[in-house]
Amino acid sequence: MRLAFEDVSYSYEGGEAKKKRKGRADRQADWGNAPDAVWALRQVSFAVEPGEFLGVAGHTGSGKSTLIQHMNGLVHPTCGRVLADGRDLAEKGVASDVRRSVGLVFQYPENQLFANTVYDDVAFGPRNMGLDAEEVDRRVREGLELVGLSFDELSERSPFDLSGGQQRRVAFAGVLAMEPAVLVLDEPVAGLDPLSREEFLGLIRELHSDGRTIVMVSHSMEDLAALCDRILVLSEGRVFRLGTPAEVFADAPALKSVGLGAPAPQAFASALREEGFKLDRPLYNEKTLAADIAAQMKGRGGNG
């Protein structure tokens, strides 16, 4: 599924508030979450292509959460359009249909667990889709398997008796059980311990490798650099940058101007270039940077 934003602006002042403003000049706030903010998104245009992994970055209040809520029609643009395979999500019935294909996982999804058993929590979405019991059962089993949880051991347990990491996996399984083609994730590893964090990122990588489209909001530039095909950077509700990780992180001063930094290996590589190291890769991670530094140190030693 292709999701396209066409000149999307969004104001939290909707309905009657918008009517009351009529007759005076509209203004757009300088910062997305200012106390008197009018516009959370401003003239945003881009597309999420089928099968890609798109990262979304930006300072707190830049519009990230508002943006992703447009992707399955939880909110609709004040101006502009969001299209799913050419269908306008604001048209009657389209958003509810698209939500079967676009799964949105909020930050700390375990806070939304509610059922008496893990089975019933994971089954909630498929049941609401009107599926028969056999199909619901298949999806619950596969959803739990995808997130690395045992159906036999956990399906009849209360989700509130599980560890925090297990609870998050159960919540994630509930979204996967709806078999969405697009997964939209808002800070999916926030608050997890290092081991659970790495396991969860590995799961997300596998889901993308299986052909799902992934949209992931993250404050970790390292995670975005390692996982994403492209990164969308928002600032004050507008698109600030959109490109490959190498393209986005090539301009560290520009990112700093909107409260973001380059991944640590990339920033260190930039500092080493200023000291005379020849580091030609457009994007570095810890392993590639260590390898290139070692090779140059060896060369320098040989010339000494």
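## Terms and model

A pocket is an open set of grid points with protein on both sides within 12 Å along at least five of seven lines, and its lining residues have an atom within 4 Å of a point. The structure described here is a predicted model.

## Second largest pocket

Lining the second largest pocket are Glu222, Ala225, Ala226, Pro263, Pro265, Leu283, Tyr284, Asn285, Glu286, Lys287 and Thr288. Two or more of these residues come from each of helix 9 (221–227) and helix 13 (286–303). The lining comprises 6 nonpolar, 2 polar and 3 charged residues, and the pocket holds about 240 Å³ of space.

## Largest pocket

The volume of the largest pocket is about 690 Å³. Its lining consists of 26 residues, and those nearest the centre are Leu104, Phe124, Gly125, Val175 and Met178. Strand 6 (102–105), helix 4 (118–128) and helix 7 (164–176) each give two or more residues to this lining.

Helix 4 supplies the largest share, 5 residues. By class, the lining has 16 nonpolar, 7 polar and 3 charged residues.

## Sheet

Strands of a sheet pair through backbone hydrogen bonds, either parallel or antiparallel. In this model, 6 strands form an open sheet in the order 6-7-8-3-9-10, and the pairing is mixed. Strand 6 and strand 10 (238–243) are the edge strands, each pairing on one side only. From one strand to the next, the twist averages 15°.

Strand 3 (residues 53–58) runs parallel to strand 8 (residues 213–217), with 4 bridges between them. Leu54 has Val215 of strand 8 as its bridge partner. Helix 8 (residues 194–209) lies across strand 3, strand 7 (182–186) and strand 8, at about 150° to strand 8.

Definitions and conventions. Residues are numbered from 1 along each chain as its sequence is written. This is a predicted model: local features need pLDDT of at least 70, side-chain atom pairs count only at pLDDT 80 or more; totals for chains, interfaces and linings use all residues. Side-chain values use heavy atoms; hydrogens and water are left out. On a 1 Å grid over the protein atoms alone, a cavity is a set of points where a 1.4 Å probe fits but cannot get out, and a pocket is an open set with protein on both sides within 12 Å along at least five of seven lines; lining residues have an atom within 4 Å of a point. Grid points are joined across faces, edges and corners, and a volume is the space filled by probe spheres set on the points. Ala, Val, Leu, Ile, Met, Phe, Trp, Tyr, Cys and Pro count as nonpolar, Asp, Glu, Lys and Arg as charged, and the others, Gly among them, as polar. Two strands pair if DSSP finds at least two bridges between them. Axes are lines fitted to C-alpha atoms, for helices over the stretch in contact, and angles run from 0 to 180 degrees between N-to-C directions. Contact means heavy atoms within 4.5 Å.
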